[in-house]
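Please read the points below with the sequence and the model in view.

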Amino acid sequence: MKLIKTLLAGVAVAAVAMPALADTKKAEVLHWWTSAGEAAAIKQFAEAYNAAGGEWIDSGVGGTDMAKSMLTNRLMGGNPPQVGQFNTSREFEELIDAGVLNNIDVEAEAGNWGELFPPIIDNLVKRNGHYYALPVNIHGSNWLWYNIDLLEQAGVEPPSDWDSFFAAAEKLQEAGIVPLALGGQAWQERLTFNAVLLTIGGQDLYLRLFQDRDLSALESDEMKQVVSTYTRLRDLVRATDSGSPGRSWNDATNMVISGKAAMQIMGDWAKGEFIAAEKEIGKDYGCVPAVLPGSTYMISGDVFVFPKTGSDADREAQSLMATTMLDPKVQVAFNNVKGSVPVRPDVDASQMDACGQQAIKLTSDAKVHVGSTSMYISPDLAGALQDIYTEYWNSEGMSEEDVLSLMNSAFKSID
Ligand code: BGC
C-alpha cells in the first residue's frame with residue numbers, strides 16, 4: 001500500500017505539470033455501465049452533458065473491477081480521464097490522500113451539497129472537510145427479483161423466509177425451472193453472502209461486525225446460520241444452475257427476464273435490465289427489497305471523481321459535468337432508467353415505480369438500512385473477505401467453521 005501511495009504521489013506532481021490536454025468542456029468518462037439498462041442510463045448523462053455545451057467522450061469498460069483498476073492505473077500513469085467512476089465507498093480514499101483528485105468544494109458550496117446528501121453518503125465523498133467525489137444515485141444491493149409467470153407455474157409465492165425460499169426452490173426444480181440464477185463472479189458471491197447476513201442478523205449483527213469490528217459477532221448463533229444458509233444456496237446453485245461460474249450479473253438477470261430462471265438476488269441495477277427489456281412490474285416481474293420481507297436494506301451507489309490533469313479547460317469540463325449530473329431533472333431521468341433513486345431528496349419522485357417507491361422509504365429511514373460493507377471497511381479487508389466467500393463457494397475443501405475462523409483472522413490482521 002505504501003508503494004502505491006509513493007507511486008501515486010509521484011504521479012500527482014507529474015499530472016499537475018502536464019500541459020493542457022483537452023478542448024473546452026471535452027470530458028472522457030471512464031465507467032463500467034455497459035449492460036443494456038446501464039447503457040440506457042448513462043446515455044441520459046451523456047445527452048444532458050452535450051446539451052449543456054459539453055462534449056462527452058464515452059469510455060465504458062465491462063466489469064466493475066476492470067474499470068476501477070483501469071482508472072487507478074491511468075491515474076498512476078499520469079494519463080487520467082477527466083471523469084471516472086467508483087462505488088460510493090472508501091475505495092478512493094488513497095487516491096485522495098495521494099493528491100491526484102481535484103477537490104470539488106466550489107461546486108459543492110454552490111449546490112449546497114452538505115444539506116442535500118444523506119449523511120452516510122456525504123461522509124464518504126468528503127475527506128478532511130473537502131469534497132472529492134460526486135454521488136449520483138442510491139442503489140440497494142440486496143433485492144430479490146422474480147419472474148411472476150414462473151412462480152405461478154410452479155404454484156409458489158415469493159418467499160417469506162428461508163424455509164419457504166428453499167421449499168419454493170424445490171417445487172421450481174420439479175417443474176424443470178432454474179430456481180435461482182446466480183452470476184458466478186467474486187463480487188456477486190460477496191453480495192449474496194451479505195444479503196443472507198442481513199436477512200438473519202439484521203442491522204444489529206451487521207453493524208457490530210462491519211462498523212464496530214466486534215468479533216464476538218462471528219461467534220454468534222446467527223452468524224453460524226448465515227454461513228449454513230450460504231452453504232444451502234451454494235448447493236442449490238451447484239445442483240440447478242451449471243452455467244453459473246463466471247456468468248455476469250446481467251446475463252443472470254436476463255435468465256429471469258426470458259423465463260429461464262425464476263429468481264435472482266441482485267441490486268436494483270437489475271431493474272434497469274427489466275426496464276430495458278420493456279417488462280412491467282407486477283405483471284412480468286416482482287421485487288422484494290432486502291430479499292426477504294422485513295430484512296435490513298443495504299444502501300450502495302456510484303460516484304464520479306475528477307482527476308487532476310493540469311488543464312484549466314478540463315477543470316471547467318469537470319465542473320459542468322458535476323452540475324449536469326446533479327441537476328434535478330437529469331437526476332430523475334437517469335435514476336428512473338438506472339433502477340436507483342436520486343441522490344438528492346428534493347426532486348419529484350412521484351413518477352417512480354412500485355419498487356422505487358419502496359427504495360425511497362427504505363433509504364430515508366436509518367433504522368431499516370445499512371451501508372454496503374465497503375462504506376465501513378478498507379478495500380484491503382473487503383478484498384480479503386470477498387476471497388473467503390468466493391473460495392468457499394467454489395471449492396470443496398473448506399468447512400463452515402473455516403469460513404468464520406478465516407473471517408476472524410482477516411478482521412484481526414487487516415486494518
Ligand atoms: C454499481 C451499479 C452497477 C452494478 C453492476 C454496482 O457496483 O453500483 O451502478 O449497475 O455495479 O455493474
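Predicted model: local features only at pLDDT ≥ 70, side-chain atom pairs only at ≥ 80, totals over all residues.

1. The disulfide. A search of the whole structure finds one disulfide. The partners are C287 and C355, whose sulfur atoms lie 2.2 Å apart. This pair links distant parts of the chain: C287 belongs to strand β11, C355 to helix α17 (residues 354–363), and 68 residues separate them.

2. Geometry and surroundings of the link. The angle about the S-S bond is -110°, and the link of C287 and C355 is left-handed. C287 has a relative accessible area of 12% and is therefore buried, the cut-off being under 20%. C355, at 1% relative accessibility, likewise counts as buried.

3. Residue R213. The phi of R213 is near 50°, which is a positive value in a residue other than glycine. R213 sits in the loop that runs between α11 (202–210) and α12 (221–240). Its relative accessible area is 30%, so R213 is classed as partly exposed.

4. Residue E278. A positive phi is also found at E278, a residue other than glycine, with a value near 60°. E278 lies in the loop between α14 (270–276) and β11 (285–289). Is E278 buried or exposed? E278 is exposed, because its relative accessible area is 72% and the class begins over 50%.

Terms used: Residues numbered from 1 in each chain as written. Heavy atoms only, no water. Helix = DSSP H or I, 4+ residues; strand = E, 2+ residues; numbered from the N terminus. Buried < 20%, exposed > 50% of the residue type's maximum accessible area, 1.4 Å probe, protein only. Disulfide = S-S within 2.5 Å.
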